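Work through the exercises below with the sequence and the 3D structure in view. Try each task before reading its solution.

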Amino acid sequence: MKGWTASDIPDQTGRTAVVTGANSGLGYITARELARRGAHVVLACRDDTRGAEAAQRIRAQAPGADVRVAPLDLADLTSVRAFAAEYPGDRLDLLINNAGVMALPHRRTADGFEMQFGVNHLGHFALTGLLLPKLLEAGPGARVVTVSSFLHMLGTVDPRGLNMERGYRRWAAYARSKSANLLFTHELARRLRTAGSRLVAAAAHPGYASTNLPTAAAKMEGRRALERFMEIGNRFFAQSPDQGALPTLYAATGPDVRQDDFFGPPLQGLWRGSPVRSARAKWTLSDRAGRGLWAASERLTGVRYEAFTS
C-alpha cells in the first residue's frame, strides 16, 4: 500500500460503479479515476445540470470514459427509492457512498430528519439497502465503500436522539453522522460475514482535502469572513482532492481490502499522504451500537435489508 496512487488502480473493465455526489470534489475524482480504468460509472447527483457538466469534464479528461448521470437527492427518501427503482443497468460492482454535507445550520430533510444525519447516513443506508440485491449478485470483488471523516472521533451516536431535538450543534451533528457511517459499515460487514457473502463493506476518509465542503455552510449563511478563512485553510493546509480521493479509491479497488477496513492518510503530516489502514474510535466497532443504529435506521427509512437476519 505504501506510495499507492491512482495509477495503481487495477483494470476496471466490465465493472459498474455508482458514485454519489460525483459532480464535484472527491466524488468527481473518484468517478473520473474509476472511469479512466474502464469502469462504467453512474454519477448519482442531486443537480442534473451539474451532473451533466461533470460527465463532460470526465470525458474530456479521460477520453473514452463510460459515464452517465442519474438524479439522486439523499435528503429525500422518495428520490432515493426512485433512483434504486430506475437504476440503469443489471450489474453493480461498486457502490461509493461519498456525498455529504458538513457543519450546516440547522436544516431538515424532506422526511423531517436532521439534515447532516439524514444525508450523510440515512440516505446512504437506504440507498445501499435498496441496491443490495444487485451488489450481492455481482460476485467476487463487489464492494460498498462509505466515506467517513477523521472527525468521527468527536461524536458518538445515540439512537434515542438522532434528530438532536435538545439543542443543535453543527459540528457535533457532523461528527455524529460520520460515526454513523462507520457503525453502518461495521454492522453491514458483520452481516455479510454471517451470511457468507463475498460482498465487502469498507470505509475511508480523505484527511483534510481541499474541496467545497468546508465552505458550503459559510456560503449558505452569507458569512464571507468564515468562507474566506476556510478557503485559506484549503489553500495552505489541505491536500489536493486528487490525493484526498485515494483512500476511497483504494477501498474500492485495492487488492487486500477486508471486511470493515477503514482507510485514510497517515497521521503524520496533517492527515496528508498515500492511504493506509486508519485508526478509528472504539465505539465504531461496537456490535451493540451497530445493531442499535441499524434497527433505528430501518425504522426511520422504512428500508429493510431482506437478505440478512440479525
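**Exercise 1.** How many helices and strands are there in the protein chain?

Solution. The model is predicted, so local features need pLDDT of at least 70 and side-chain atom pairs count only at pLDDT 80 or more, while totals for chains, interfaces and linings use all residues. Residues are numbered from 1 along each chain as its sequence is written, and side-chain values use heavy atoms, with hydrogens and water left out. Step 1: helices (H or I, at least four residues) and strands (E, at least two) are DSSP runs, numbered from the N terminus. Step 2: the protein chain has eleven helices and eight strands. Step 3: of its 310 residues, 56% count as buried (under 20% relative accessible area; exposed is over 50%, partly exposed in between; 1.4 Å probe, protein chains only).

**Exercise 2.** Find how helix 5 and helix 11 pack, and which residues meet.

Solution. Two packed helices are described by the angle between their axes and the distance between the axes. Step 1: axes are lines fitted to C-alpha atoms, for helices over the stretch in contact, and angles run from 0 to 180 degrees between N-to-C directions. Step 2: for helix 5 (residues 170–195) and helix 11 (residues 287–301), the angle is about 100 degrees and the axes lie 9 Å apart. Step 3: the two helices are therefore roughly perpendicular (65 to 115 degrees; under 35 is roughly parallel, over 145 roughly antiparallel, the rest oblique). Step 4: helix 5 makes contact (heavy atoms within 4.5 Å) through residues including Phe184, Leu188 and Arg191, and helix 11 through residues including Asp287, Leu293 and Trp294. Step 5: the residues of this contact divide into seven nonpolar, two polar and five charged. Here Ala, Val, Leu, Ile, Met, Phe, Trp, Tyr, Cys and Pro count as nonpolar, Asp, Glu, Lys and Arg as charged, and the others, Gly among them, as polar.

**Exercise 3.** Describe the packing of helix 4 against helix 11.

Solution. Step 1: the angle between them is about 85 degrees, and their axes are 10 Å apart. Step 2: helix 4 is therefore roughly perpendicular to helix 11. Step 3: Phe117, His121, Leu122, Phe125 and Ala126 of helix 4 make the contact with residues of helix 11, among them Leu293, Trp294 and Ser297. Step 4: by class, seven of the contact residues are nonpolar, three polar and one charged.

**Exercise 4.** Is Thr128 buried or exposed, and which residues does it touch?

Solution. Step 1: Thr128 belongs to helix 4. Step 2: its relative accessibility is 0%, so Thr128 counts as buried. Step 3: leaving out residues up to four places away in sequence, Thr128 touches Leu95, Asn97, Val144, Phe184, Leu188 and Tyr305.

**Exercise 5.** Which residues line the largest cavity?

Solution. Rolling a probe the size of a water molecule over the atoms shows where empty space is left. Step 1: a cavity is a set of points, on a 1 Å grid over the protein atoms alone, where a 1.4 Å probe fits but cannot get out; lining residues have an atom within 4 Å of a point. Step 2: the whole structure has one cavity of 30 Å³ or more, and the largest cavity holds about 40 Å³, a volume being the space filled by probe spheres set on the points, which are joined across faces, edges and corners. Step 3: its lining is Leu74, Ala75, Asp76, Leu77, Thr109, Asp111, Phe113, Gly118, Leu122 and Gly123. Step 4: helix 4 (residues 115–137) gives the largest share of this lining, three residues.

How values were computed. 1 Å grid on protein atoms, 1.4 Å probe; cavity = no way out; pocket = protein on both sides within 12 Å on 5 of 7 lines; lining within 4 Å.
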